[in-house]
Amino acid sequence: MSALTLQFTQVGLDALLAAKANGKKAQISHMAFGDASYTPTQTQTSLQNLRELQPIRDDNYETDENHQVTVVALFDKKISAPEYAIREVGVFIQIDEPVGSDNNLILLGVYSEPNRTLGYRTPDVKILQSVTLSLAQLPSNSVEVKPGVDNFNMLLDNELADITLVQLDTMHRQLNQELRLLALENAQS
């Protein structure tokens, strides 16, 4: 998927202002996929047709003048419903505990475009989706990112283990081949 620019929602901005007034910060905690294609509005409170919701797994905060944060969610669970076209992406915040649960979610921003498909979700595919948010557009010191239980460093553990096993197996075969070649050279001498 290409870089996404979110339409911030009024309900999300109001929640950030209320949290800041109470000395709290909202946690960017979840990302969602939906299959509706439309022009987002500031008055939205939910995705038009939410299909999947996943916790944020990792973030990358850039401390430059743009004050951007990139959040990452992994959509890796097998879906029981039919496959679908991803046409809307939502980012959600939480203010009250428990952070990381699906309760108390407030839509901070949504991305969608009319007649545009962002991706396609099938039962067996894993999607690692990132969205970059400009915090300069939000009230200062009003949000933080709270990655879920498994952060990005742990997301690829099975894949990295498989690659490591293949590399070790290849090195073992190459070493055995080298030993056979040495044995043939010694037999000919």
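**Reading the labels on this structure**

Me: Why are aspartate 169 and arginine 173 said to be separated by about one helical turn?
Reply: Aspartate 169 and arginine 173 are four residues apart in helix H3, and this is why about one helical turn lies between them. A helix here is a DSSP run of H or I with at least four residues, a strand is a run of E with at least two, and both are numbered from the N terminus. The model is predicted, so that local features need a pLDDT of at least 70 and side-chain atom pairs count only at 80 or more, whereas totals for chains, interfaces and linings use all residues. Residues are numbered from 1 along each chain as its sequence is written, and side-chain values use heavy atoms, with hydrogens and water left out.

Me: What makes aspartate 169 and arginine 173 a salt bridge?
Reply: The term asks for a side-chain nitrogen of Lys or Arg within 4 Å of a carboxyl oxygen of Asp or Glu. The closest N and O atoms of aspartate 169 and arginine 173 are 2.6 Å apart, so the pair meets the rule. In general, side chains of opposite charge can pair when their charged atoms come close.

Me: Why are aspartate 169 and arginine 173 called partly exposed?
Reply: Buried means under 20% relative accessible area and exposed means over 50%, with partly exposed in between, using a 1.4 Å probe and protein chains only. Aspartate 169 has 38% and is therefore partly exposed, and arginine 173, with 46%, is partly exposed too.

Me: How many salt bridges are there by this rule?
Reply: The count comes to four, and one of them joins the side chains of glutamate 52 and arginine 121 at 2.9 Å, N to O. That pair links distant parts of the chain, with glutamate 52 in strand S3 (residues 50-62) and arginine 121 in strand S8 (residues 119-121), 69 residues apart. Both glutamate 52 and arginine 121 are buried. Another salt bridge brings together the side chains of arginine 116 and glutamate 113 at 3.1 Å, N to O. Arginine 116, at 24% relative accessibility, counts as partly exposed, and glutamate 113, at 31%, counts as partly exposed as well.

Me: How do you know that leucine 13 is buried?
Reply: Leucine 13 has a relative accessible area of 15% and is therefore buried. Leucine 13 is found in helix H1 (residues 10-21). Leaving aside neighbours within four places in sequence, leucine 13 is in contact (heavy atoms within 4.5 Å) with Phe8, Gln42, Leu138 and Pro139. With glutamine 42, leucine 13 is 29 residues apart in sequence and 9.6 Å apart in space, C-alpha to C-alpha.

Me: What makes strand S6 mostly covered?
Reply: Seven of the seven residues in strand S6 (residues 88-94) are buried. Both faces are covered, with Glu88, Gly90, Phe92 and Gln94 on one side and Val89, Val91 and Ile93 on the other.

Me: How do you know that strand S2 and S6 pair?
Reply: Two strands pair if DSSP finds at least two bridges between them. Strand S2 (residues 26-34) and S6 are joined over seven bridges in the antiparallel sense, and the partner of alanine 32 in S6 is glycine 90. S6 also pairs with strand S7 (residues 106-112) in the antiparallel sense, over six bridges, where valine 89 stands opposite tyrosine 111.
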